[in-house]
Amino acid sequence: MTDTVIARRYASALFNLSRKEGNESLANHGIYLQELGQMVAEEPKFGLLLKSPIIDVQEKKAVLSGILDKLGADRTMRNFCFLLADNERLGSLREIADWYGILLDEANGILRGQVVTAVKLDEAKREEIRERLKKKLDHDIELRFRVDPEILGGMVLSVGDKVLDSSLRAQLKILRENLKRGI
């Protein structure tokens, strides 16, 4: 199984369990996972410790226990993290946190998306794009903005599983294909 499928399954399992416990648990587990995922991202040695086959599962659990105590995590979160340790899935912790966040956003009616442009957009333009999409999609939307000079101009918008590529690169590619076909 790929890491993405594994992360989705674990995130979905925790999400469904948290939903049964109530909205407070749903939100808190998202916060705990986000903080753990952030620790993995910011501290490469911590990430390596969690993935290492050399380090015993009990040692990993001891380290996690200390971190979870500092976070004030509840029993469900502790058991979930220990289950990940037992199944040697701690290496997927950051991706699990990302998927849990996506599920939480969906439950709260928030869509996530990404806008790629050739040049950096100022905050006013970013806000304009957010507001136009919010109206068009009739949902709250959380956008990440990224710069990729290779698209030459325009933008590439991804929301959920939909992609709108109005980049100059894509338009030139279409033109090239039409010229090849003689259209």
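Predicted model: local features only at pLDDT ≥ 70, side-chain atom pairs only at ≥ 80, totals over all residues.
Mentor: Two strands count as paired if DSSP finds at least two bridges between them.

Trainee: What makes strand E1 and strand E3 a pair?

Mentor: The threshold is at least two bridges, and five bridges join E1 (residues 110–117) to E3 (residues 155–159). The two strands therefore qualify as paired, and they run antiparallel. Within this pair, Val116 stands opposite Val156 in E3.

Trainee: How do you know that E1 pairs with E2?

Mentor: Eight bridges join E1 to E2, and at least two are required. E1 and E2 are therefore paired; their direction is parallel. Ile110 stands opposite Asp140 in E2. The chain passes from E1 through H7 to E2, a β-α-β crossover that is right-handed.

Trainee: In what order do the strands of the whole sheet lie?

Mentor: The four strands form an open sheet in the order E2-E1-E3-E4, and the pairing is mixed. Strand E2 (140–147) and strand E4 (162–165) are the edge strands.

Trainee: What makes E2 and E4 edge strands?

Mentor: Each of them pairs on one side only. From one strand to the next, the twist averages 15°.

Trainee: Which strands does helix H7 lie across?

Mentor: Helix H7 (residues 123–137) lies across E1, E2 and E3, and runs at about 140° to E2.

Trainee: Why is Asp138 called exposed?

Mentor: The limit for an exposed residue is over 50% relative accessible area. Asp138 has 66% relative accessibility, so it counts as exposed. Asp138 is found in the loop between H7 and E2.

Trainee: What sets the phi of Asp138 apart?

Mentor: Most residues other than glycine have a negative phi. Asp138 has a positive value, near 55°, although it is not a glycine. Leu152, in the loop between E2 and E3, likewise has a positive phi, near 70°.

Trainee: Why is Asn108 called exposed?

Mentor: Its relative accessible area is 52%, and exposed means over 50%, so Asn108 falls in that class. Asn108 is placed in the loop between helix H6 (93–107) and E1. Its C-alpha atom is separated by 9.8 Å from that of His139, and the two residues are 31 apart along the chain.

Trainee: What is found at the ends of H4?

Mentor: Asp56 caps the N-terminal end of H4, with a side-chain oxygen 3.1 Å from the backbone nitrogen of Gln58. Just after H4, Gly72 takes a positive phi of about 80°. H8 is followed by Gly182, whose phi is also positive, near 80°.

Trainee: Why is Lys61 called buried?

Mentor: Buried means under 20% relative accessible area, and Lys61 has 17%, so it counts as buried. Lys61 lies in helix H4 and touches Phe82, Ala85 and Asp86, leaving out residues up to four places away in sequence. Leu64 and Ile67 are among the other buried residues of H4. The buried residues of this helix pack against helix H2 (23–42), helix H3 (44–51) and helix H5 (75–86).

Trainee: What makes Ser92 a buried residue?

Mentor: The relative accessible area of Ser92 is 8%, which is under 20%, so Ser92 is buried. Ser92 lies in the loop between H5 and H6. Apart from neighbours within four places in sequence, Ser92 is in contact with Asp3 and Ile6.

Trainee: How do you know that Ala7 is buried?

Mentor: Its relative accessible area is 0%, and the limit is under 20%, so Ala7 is buried. Ala7 lies in helix H1 (residues 3–21). Ala7 touches Glu95, Ile96 and Trp99, not counting residues up to four places away in sequence. Ala7 and Arg89 are 82 residues apart in sequence, and their C-alpha atoms are 8.7 Å apart in space.

Technical notes
Residues numbered from 1 in each chain as written. Heavy atoms only, no water. Axes fitted to C-alpha atoms, helices over the stretch in contact; angles between N-to-C directions. Contact = heavy atoms within 4.5 Å. Right-handed = clockwise from strand over helix to strand, strands pointing away. Buried < 20%, exposed > 50% of the residue type's maximum accessible area, 1.4 Å probe, protein only. Polar contact = N/O pair within 3.5 Å; in protein donor to acceptor, adjacent residues only side chain to side chain.
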